[in-house]
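I opened this entry to keep track of what I looked up. I wanted the strands, the core and the ligand shell in one place.

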Amino acid sequence: MGMMDHRFDIVDKAAFRNGMSRLGSAVNVVTAMSGGKRYGFTASSVCSVSDSPATLLFCINRASSCFHAFENARHFCVNTLMPGQEDISNVFGGKNPWEDRFELGEWRDGLTGVPVLANASVSFECELSNAVDEATHRVLFGRVIDIREHDEQATLLYCMRRYLNG
Ligand SMILES: Cc1cc2nc3c(=O)[nH]c(=O)nc-3n(C[C@H](O)[C@H](O)[C@H](O)COP(=O)(O)O)c2cc1C
């Protein structure tokens, strides 16, 4: 941790969470396969990294009940939700049993077998390229190997702890 300047205190968790709640973001369900089973969780931490080659990242809490699936998966899919898919966000963002989560929405197999949401705003199927642990989370990087876009120009957004249509 040679890069840290220890003269300053780090802000507390609540102040940080309140500040971060003002950063609007798309709502995504990130999916993977592990041991023949489907896994997925709601993630707002998706970010573009580079277009050369096409690379994105997301962050997953290492205490998450689906962490083991992402720890071992070579592929994953970022499914960005449409307005009206708040129920999918809520079921994948709560403590629901795995197979219940996939009962909402129409799920298909991607090129690599990962679950792809048929009516997503956009789906990015990825091959894992790197992983870095930071604090409580693991940052996973993926090269995008397939993109599917919805005909309609719309995406479900989350800002100030509520859903917005964008
Ligand atoms: C809008 C929203 C965004 C979220 N973003 C993330 C995220 O980026 N990374 C993460 O690890 N969890 C995120 N979560 C929480 C997980 O979706 C949630 O912890 C998980 O699905 C349920 O917990 P479990 O995996 O331990 O069963 C988010 C939840 C919501 C509702």
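These are my notes, topic by topic.

**Before starting.** I am working from a predicted model.

**The seven-stranded sheet.** I looked up the strand order first. Seven strands make an open sheet, and the order is E3-E2-E6-E9-E10-E5-E4. The pairing is antiparallel. I then checked the edges. They are E3 and strand E4, residues 47–51, each of which pairs on one side only. On average, neighbouring strands here are turned by 35° against each other, direction ignored.

**Strand E2.** I started with residues 28–34, which form E2. Six of the seven residues are buried, so the rest of the structure largely encloses this strand. "Buried" here means that 20 or more other C-beta atoms lie within 10 Å of a residue's own. Next I looked at the partners of E2. Strand E3, residues 37–43, runs antiparallel to E2 and is joined to it by seven bridges. Ser 34 has Lys 37 as its bridge partner in E3. The hairpin of E2 and E3 has two residues between the strands. Gly 35 takes a positive phi near 55° there. With strand E6, residues 75–80, E2 pairs over four bridges, again in the antiparallel sense. Asn 28 has Thr 80 as its bridge partner in E6.

**From E6 to E10.** I followed Thr 80 onward. In E9 its bridge partner is Val 122. Six bridges join E6 to strand E9, residues 122–134, and the two run antiparallel. How many bridges pair E9 with strand E10? I found twelve, in the antiparallel sense, with E10 spanning residues 137–149. Phe 124 stands opposite Ile 147 in E10. E9 and E10 form a hairpin, with two residues between them. In that turn, Ala 135 has a positive phi of about 50°.

**The E4 end.** I checked E4 against E5. Four bridges join them, and they run antiparallel. Cys 47 stands opposite Leu 57 in E5.

**The three-stranded sheet.** I found an open sheet of three strands in the order E1-E11-E12, with antiparallel pairing. Its edge strands are E1 (25–26) and E12 (162–165), each pairing on one side only. Strand E11, residues 156–159, pairs with E12 over four bridges. Leu 157 stands opposite Leu 164 in E12.

**The core.** I asked which residues touch the most other members of the largest nonpolar core. They are Val 30, Ala 32, Phe 58, Phe 70, Phe 76, Cys 77 and Leu 81, out of 32 residues. E2 gives the largest share of this core, four residues. I then took Cys 77 alone. Leaving out residues up to four places away in sequence, its contacts include Thr 31, Gly 110, Val 114, Phe 124 and Cys 126.

**The ligand shell.** Which residues are closest to the ligand? I listed Phe 41, Ala 43, Ser 45, Ser 65 and Gly 93, from 18 residues that surround it. The elements that give two or more residues to this shell are E3, strand E5 (54–61) and helix H3 (86–92).

Technical notes
Residues are numbered from 1 along each chain as its sequence is written. This is a predicted model: local features need pLDDT of at least 70, side-chain atom pairs count only at pLDDT 80 or more; totals for chains, interfaces and linings use all residues. A residue is buried if 20 or more other C-beta atoms lie within 10 Å of its own, exposed if 12 or fewer, and partly exposed in between; C-beta atoms are placed from the backbone. Two strands pair if DSSP finds at least two bridges between them. A residue is near a molecule or strand if its C-beta atom, placed from the backbone, lies within 6 Å of it. A nonpolar core is a set of buried Ala, Val, Leu, Ile, Met, Phe, Trp, Tyr and Cys residues joined through C-beta atoms within 7 Å. Two residues are in contact if their C-beta atoms, placed from the backbone, lie within 7 Å. Axes are lines fitted to C-alpha atoms, for helices over the stretch in contact, and angles run from 0 to 180 degrees between N-to-C directions.
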